[in-house]
Amino acid sequence: MANLTTCLTLFFLCYGLCSAVYEDQVGKFDWRQQYVGKVLFAHFDSHSQAAKKLILATDKNIVASLNSRTGELFWRHVDKVGPEGHIDTLLFHGQDAVVMAGNGRLLRSWESNIGALNWEMVLDTGSFQAAILAGTQDSVKFVAVLKKAVLSLHYLSNGHQKWVETLPDSDTVQYQAVYSSGGSQLFVLGVVPYSHLSIIAFNIEDGEIMSQRSVAAPWVSKVQARCGVVDQGVLLCVDATTLSLYMLPLNSEEPAELQQVPLQSLDLELASGYQPVLLTTQPNPARPPLAQFFLQLGPDHHVLLQLSDGLISPLRDFQPAFLVSFATAGEKTVAAVLSPKNETVSAKAGGVVAETVHPFLHFFLMHCFIVLLLDHAYDLQASSVSLYSADSGRRLLDTTVTVHLDPNGGKPEKLYVHAFLKKDDSVGYRLLVQMEDHTLTFLQQPGRVVWSREEALADVVTMEMVDLPLTGTQAELEGEFGKKADGLAAMVLKRLSSQLILLQAWIAHLWKLFYDARKPRSLVKNEVTIETLARDEFNLQKMIVMVTASGKLFGIDSKSGTVLWKHYLHDVQPNSVFKLMVQRTTAHFPHPPQCTLLIKDKETGLATLHVFNPIFGKKSHVTPPALSRPVLQSLLLPLMDQDYSKVLLLIDDEYKVTAFPSTKHVLQQLQEMASSIFFFLVDSSQGRLSGFRLRKARELSLTDLSTELIWEVVIPPEVQKIVAVKGKRASEHVHSQGRVMGDRSVLYKYLNPNLLAVVTESVDTHQERSFVGVFLIDGITGRIIHEAVQRKARGPIHLVHSENWVVYEYWNAKSRRNEFSVLELFEGTELYNSTVFSSLDRPHLPQVLQQSYIFPSSISTMEATLTEKGITSRHLLVGLPSGAILSLPKMFLDPRRPEVASEQSREENLIPYAPEMPIRTEWFINYNQSVSRVKGIYTAPSGLESTCLVVAYGLDIFQTRVYPSKQFDVLKDDYDYVLISSVLFGLFFATMISKRLAQVKLLNRAWR
Amino acid sequence: MLTAAVFLIHAQPGNYNTAKRTADGPDAEVTGLTVPLEHSFELDDVPRFHLRGSLQLRGREPAVSLWQSPLTEEERALLKEVAAVDGLYRVRVPRVSLQTERPVDRQPEGYLTAFVRACSLVESHLSDVITLHTDVTGYLIGISIVTVPGMCWGAEVEDDVDLESFNTTLNVMAPVNAPGPETAQFIERMEQEMEKKGKNPQEQKSFFAKYWYLILGGAVFLMATSSAQPPAGGGREQS
């Protein structure tokens, strides 16, 4: 009895724990990286000297805080996807980060230290225009929110609404800006395009309109970036058509005219066709802004100007300067310039500067400014940043640093400066530079890059895993087989030499092991660099090639998550579609591996190819073919050219085929095999699926590859539209041809490699009439193998197609729940042709079995595990919206699960049918490492049959290994080598001794 | 000379039964819609379709019958030539609705095509299976053709006897209803099991209820032995 109980306990313990991760295994085989996306707003926490926080708001609807010393995340809040969670603005004051989200719907205040929510206010929906912090008597107390027709004021401390006022004439006047200088007035600026400006002053205490006036401005079109308030409430606007600056004091009672100051009178010239940008600064929201401001006159031309006594005068001219920024440290405001290293900043207005400095200002505040000067011509290799005093335009001593930005990262887009006062009262600063490729780089004053974050990885579009190359010695041995035989003696010598090299490498390896063993554990660090990359014994370490939406490619080491190479494609349109293909794997030494990225513009359909080496990220010297027509379809053939690269066929909209590589050898092969090269096209707008075949060239022109239409299936788009078409993965292996049933007969699987699963959704979305259609179509013959309709179902559909099964998930509109359905195809108990599968010769339709289950959660994405030989049982990896990744055994999704368990079904290990699919927490392969907004899961086989490598990507990237059938081919970590070997030796010696004894005994007996 | 092999099939999801054979001419019962079935086999593989037969659709249930004419002398010769160069034999039907009861609101726009290797058609002696696929509304979405057997062995075929007339099986395939989760049956089964358990109270007893006397006895025995043991004696005995 007790024995049985122990056995049972042991069994449950094993079953429960083996699939989960032990505490000491956390982070051993997996890693996670968290990202935030492209930064829209950034603020430095500058309230204390030792502050090391950065508050960010990004285009991925995220508010986050970064450690400015290391670049790590302190906290991160992920809001809803899409316009609902879009962050309109981020204001920062003291400890509070005030965020406006969802087009003026939600006003939230976050505590910046720990990321806790201070308060949240739900406002009326309305088009958000602007929000500012407002204050009275030198203290910031309010948040003013301007919408299309409403101005509201909220307390900064608790979010409560102080007052709300509707704006007059909001149907004609576009209110675009709000301004406060710490006084009792709050100004709202409205525009009637090409007519006049409307200025309304509200009392900050009760919201009463104190004054309202309109000023004729026939040139005005918008306020943002064109107008700003400087000095003691003087509105400044710049206009490109009249080439003038306009000034208007806001405080004056009488309806004054806008004072025009032509740019020419200031000796300034606007770059042709450039819209000038005005940049003002208000260091403290409760005080008036500075009298100095920047005017951008061209893409690389900035001018610092000053308003004093009603006169505008230039302080300093910066050309070339791409980005400028003001920063305040205590009472000082500074500005910095980043200029190309070997070109000095032209100081044209230097002479003027000294004269125009206002003595009062000089005395009262020392304002400085920061200008970032950059130049394309110098390839961004080295640029320098300098600090300038804001009120004199003079350069501050010892503030120039040389900055080395990644030359590959594109232009710098935004600059955030944090200036602080050093002990000796001089100004020090830190810089946050955002590049065109979404890289965030944090720099400290000696020109040192403190950290950089690759935020492009927050939006991975597609990825592949590539085997690492062999080590030099392995490659040497491999190379021996590749070479042509040149005589027996030479071959023997070659073999001997390579064996010697192997021996040498082995001894070196042993020596290294011995040497490392003496050192303490912590010192032995295997730094992964691009030079030390080599395949490990079981091929568990691979190169992850990731393609991001911004057009930046990354090579990431799968073991550690280190970015080993990156490559930014400059000319990628933002709405491009990517397809990554591995044309040549690492297996063909000495030919380098080769990946091809197909970049297709969504609108024009025009495509380009980027061919590169996936291990080093270098662009290949192979020139891809120019594609002059939109590409409809691409397919990678198993056919290889002489250099072992697989042939890629691209079909354009005239159904002409371009081959890459297109050597004569390849074209000849293609002509020979033309009648067996088929492909299909899907036009979901017309519901048309059509099959094509390569046509043999009649005349002997090899280059002209044309196609012919061979089949057509049209699913009327008026009833249902095609939402997904999925074939099987080409790299998939299926080990067993059939399933052994309880009565010892074999049920053969229908393993059609050309099978396509086509899923449609009904156009009618009424819950009773909506349906999801599933079609299994042979991609060669166009034969519809199976047609099923899931009634009362709706999308989104997630689909996995592998082996002889299709699993899809849908929303049951009637029962309001998510459901899984599995289809399995069997040929029956006899195979039609067991040696080879041909779509052209399978006259009998397979048996189709189907079963459905209730799934207690919605899902984000789904993928099946993949192993080297396909012996290991399969699991489904399901990404849940909660951030968990569930490893669901395929055993639970088996249409042969019986209603009632019988002797035979038990023999076959079939689980009795239960309508609900369980979610067990130990099935979460990422334990507490949630992957936010998981978008895709990639699986790759490793050298171990039991192990499958998994990468989940979305906002975060998570890599791990899964063992669907447990680690049957690996000894456990705590395997007792000592016990086993001592028992072995013990037995050996016991045998020896007993043998000796027996001999003695025999001898003695013989003597007797 | 008009001989025709007509198969009448009622669409039954998942179960395609070959129906009775009627030897009627095309004019036997012309009600409903007649749809042409065209085929093409050319040496240069450029499709030039011409009439092979016609499909007659009638009744509420999509019932289809096929009438087709035998191949002419030239066609037979051509088919054999096409088979020799491994050409394709294509068929096509216009896109129509099989439900003739409904008013035909859409004019046939375009065709649905399928193909089979000409050699396999020749070697199977023109015995083929044509399947018409419809969507939920009964609209034709695809056609497929296979020959039985489907292989090309390169066998010689006596043209006069074997290639004269088609031996066609015609199927209509409509989508089947995919099963949903079967909760009702499961609950029924659970209830049955519960009932079974309820009938057999012996089974329902818990572990303690079943073996209380053993556990109690064991506990009493343990207590008795531990209290009876002199505290010092135990150490002695072990040493």
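In this predicted model, the cysteine C948(A) is buried, with a relative accessible area of 0%.

**The disulfide**

- A disulfide is a covalent bond that links the sulfur atoms of two cysteines.
- Over all chains the structure holds 1 disulfide, and this link joins C227(A) to C237(A), with a distance of 1.9 Å from S to S.
- C227(A) belongs to strand β18 (residues 227-230) of chain A while C237(A) belongs to strand β19 (residues 234-239) of chain A, so the pair ties together parts that lie 10 residues apart in sequence.
- The link between C227(A) and C237(A) is right-handed, with 110° about the S-S bond, and both of these cysteines are buried.

**Chain A as a whole**

- Chain A contains 8 helices and 63 strands, and of its 1008 residues 52% are buried.
- When contacts in chain A are taken between residues at least 6 apart in sequence, 54% of them join residues that are at least 24 apart.

**The interface of chain A and chain B**

- On the side of chain A, 52 residues are in contact with 45 residues of chain B, and the two chains bury about 3800 Å² between them, with 57% of this on carbon and sulfur atoms.
- The residues of chain A that lose the most area to chain B are V714(A), E787(A) and E899(A), which together account for 15% of what that side buries.
- Between chain A and chain B there are 2 salt bridges across the interface, and in a salt bridge there the side chain of R90(B) meets that of E708(A) at 3.0 Å, N to O.
- Polar contacts across the interface of chain A and chain B involve 13 residue pairs, in which both residues have pLDDT 80 or more.
- Several strands of chain A each supply at least two residues of the side that touches chain B, among them β46 (688-695), β47 (706-714) and β57 (847-855).
- Strand β53(A) gives the most to the side of chain A that touches chain B, with 8 residues.

Note on methods:
Residues numbered from 1 in each chain as written. Chains lettered and ligands numbered in written order. Predicted model: local features only at pLDDT ≥ 70, side-chain atom pairs only at ≥ 80, totals over all residues. Heavy atoms only, no water. Helix = DSSP H or I, 4+ residues; strand = E, 2+ residues; numbered from the N terminus. Buried < 20%, exposed > 50% of the residue type's maximum accessible area, 1.4 Å probe, protein only. Contact = heavy atoms within 4.5 Å. Disulfide = S-S within 2.5 Å. Buried area = accessible area lost by both parts, 1.4 Å probe. Salt bridge = Lys/Arg side-chain N within 4 Å of Asp/Glu carboxyl O. Polar contact = N/O pair within 3.5 Å; in protein donor to acceptor, adjacent residues only side chain to side chain.
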